[in-house]
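Let's walk through this structure together, one part at a time. Keep the 3D view open as you read.

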Number of protein chains: 2
Amino acid sequence: MDHRSLLLLGLLISQSQHGYQIHDFIETNLPFITDMKKATAYAHLEKLSKGKYIDVSVEQEGSRPPRKVYSINNQGMELFYQLLAENLAAADTVFYEGDIGLMFLDHLPVEDTVHYLNKRRKDLEKKHHAVQLTPLHDTSKGVNIAFQHKKKMLEAELSFLNETIQQLKASPDYNKEVE
Amino acid sequence: MDHRSLLLLGLLISQSQHGYQIHDFIETNLPFITDMKKATAYAHLEKLSKGKYIDVSVEQEGSRPPRKVYSINNQGMELFYQLLAENLAAADTVFYEGDIGLMFLDHLPVEDTVHYLNKRRKDLEKKHHAVQLTPLHDTSKGVNIAFQHKKKMLEAELSFLNETIQQLKASPDYNKEVE
DNA sequence: TATAACATGTAACAAGTTACATGATTTC
DNA sequence: GAAATCATGTAACTTGTTACATGTTATA
């Protein structure tokens with residue numbers, strides 16, 4: 001909730017924008033930070049606007065669909081700083097759905113577990129690769145740090161997975177024939 | 001969704017249990033794996049029961065409130081293996097809310113950012129400490145691995161935070177007087 | 001000429017949480 | 001005698017997603 005408003009406000013600081021534009025920016029540039037959907041972005045912008053945190057002005061080019069251009073105002077800046085402080089100061093609790101599968105790997109033959117975890121690793125490598133390739137045309141220090149964080153966490157996942165797979169393969173009841 | 005059913009089914013394999021008991025177990029033993037709420041657990045158990053994946057029998061001790069004891073059946077075991085395979089094979093996409101704050105740290109004086117991130121670090125250290133202290137009376141290999149994963153991810157967070165704070169402190173416009 | 005991109009919005013749906021209701025028993 | 005624990009459940013609410021409706025303009 002809060003972090004979505006923070007994101008929208010933050011993006012409006014660098015320039016006034018309309019909803020479509022903001023969502024488009026998020027989708028093409030920040031797919032590793034959030035997957036906020038269009039309808040959600042529009043709804044939040046309207047809510048921020050109703051709360052007087054952002055101002056609206058309707059623009060229109062020719063007979064193209066009119067666009068609502070949002071600009072952050074003083075109240076919005078105050079809210080931004082408040083949300084930013086809260087966000088920076090708190091370590092959000094992250095739950096990993098994948099941990100639940102791990103909990104029950106005793107119920108499978110080691111070979112099967114290794115087979116599935118190898119798939120997980122491939123999946124992960126693809127994601128890691130994608131983050132690597134992200135163009136950082138935005139040279140903002142902060143955005144860079146956020147990307148570094150994301151990359152580091154993916155690498156931790158990858159290193160954990162590799163260790164775990166090795167460990168399982170080293171177990172006495174692992175049948176090497178299946179490879 | 002899926003991972004919640006997987007968890008409940010998995011816990012029912014080791015023993016038949018009633019909802020209160022299962023939720024109690026989760027709350028006291030798995031606070032780092034999930035924070036599934038009571039109402040959610042009950043609802044999922046009822047859904048699994050309606051889907052014929054688990055059987056119910058009502059027990060009652062004296063005049064205490066009756067309890068619905070759930071047992072996993074063959075259909076449930078099949079579902080369990082299917083959900084387990086899917087869970088193990090997929091790397092779930094994790095978004096870190098904290099990344100959004102990081103993105104905008106350019107908008108604050110470095111000293112403020114450092115101050116907030118130090119708070120974040122304390123918060124994180126507390127969480128890391130708590131995981132460290134978790135009693136692993138359950139000696140299941142899988143549960144252990146899941147906990148190791150959680151621990152490793154927290155350590156990656158911590159290491160990232162330390163590096164980032166150091167980096168910020170090393171920036172030319174960081175004023176050491178404030179410490 | 002079809003379809004993708006531009007631009008906004010709404011209604012239905014999905015999933016989970018909060019808060020409460022009920023009522024017995026054990027503990028402070 | 002009050003409060004916590006045991007045991008289940010429901011209704012209202014929150015948040016976000018999916019899918020669609022609308023209509024123009026650029027592109028294939």
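Before we start, note that this is a predicted model, in which local features need pLDDT of at least 70, side-chain atom pairs count only at pLDDT 80 or more, and totals for chains, interfaces and linings use all residues. Residues are numbered from 1 along each chain as its sequence is written, chains are lettered from A and ligands numbered from 1 in the order in which they are written, and side-chain values use heavy atoms, with hydrogens and water left out.

Let's begin with how the two protein chains meet. The contact (heavy atoms within 4.5 Å) takes in 65 residues from chain A and 65 residues from chain B. Together, chain A and chain B bury about 6400 Å², and 68% of that lies on carbon and sulfur atoms. Buried area here is the accessible area, found with a 1.4 Å probe, that two parts lose on being put together, summed over both. Within the area that chain A buries against chain B, 11% comes from A:Leu88, A:Phe95 and A:Met103, more than from any other three residues.

Helices (H or I, at least four residues) and strands (E, at least two) are DSSP runs numbered from the N terminus, and two strands pair if DSSP finds at least two bridges between them. Strand E1 of chain B pairs with strand E3 (residues 67-72) of chain B over 2 bridges: B:Gln17 stands opposite B:Tyr70, and B:His18 stands opposite B:Val69. Between E2 and E3 of chain B there are 6 bridges, again antiparallel, and B:Glu59 has B:Arg67 as its bridge partner.

Next, turn to the DNA. Which residues come closest to DNA strand C? Of the 21 residues that surround DNA strand C, the closest are A:Tyr20, A:Lys68, B:Arg4, B:Thr40 and B:Ser63. A residue counts as near a strand if one of its heavy atoms lies within 4 Å of it. Among the atoms of DNA strand C within 4 Å of the protein, 76% belong to sugar or phosphate and the rest to bases. The surface near DNA strand C has 8 nonpolar, 5 polar and 8 charged residues. In this count, Ala, Val, Leu, Ile, Met, Phe, Trp, Tyr, Cys and Pro are nonpolar, Asp, Glu, Lys and Arg are charged, and the others, Gly among them, are polar.

Finally, visit DNA strand D. There are 21 residues around DNA strand D, and A:Arg4, A:Thr40, A:Ser63, B:Tyr20 and B:Lys68 come nearest. Sugar and phosphate make up 77% of the atoms of DNA strand D within 4 Å of the protein. A backbone N or O atom of B:Tyr20 lies 2.6 Å from a phosphate oxygen of DNA strand D, and for a backbone N or O atom of B:Gly19 the distance to a phosphate oxygen is 3.4 Å.

Note on methods
Polar contact = N/O pair within 3.5 Å; in protein donor to acceptor, adjacent residues only side chain to side chain.
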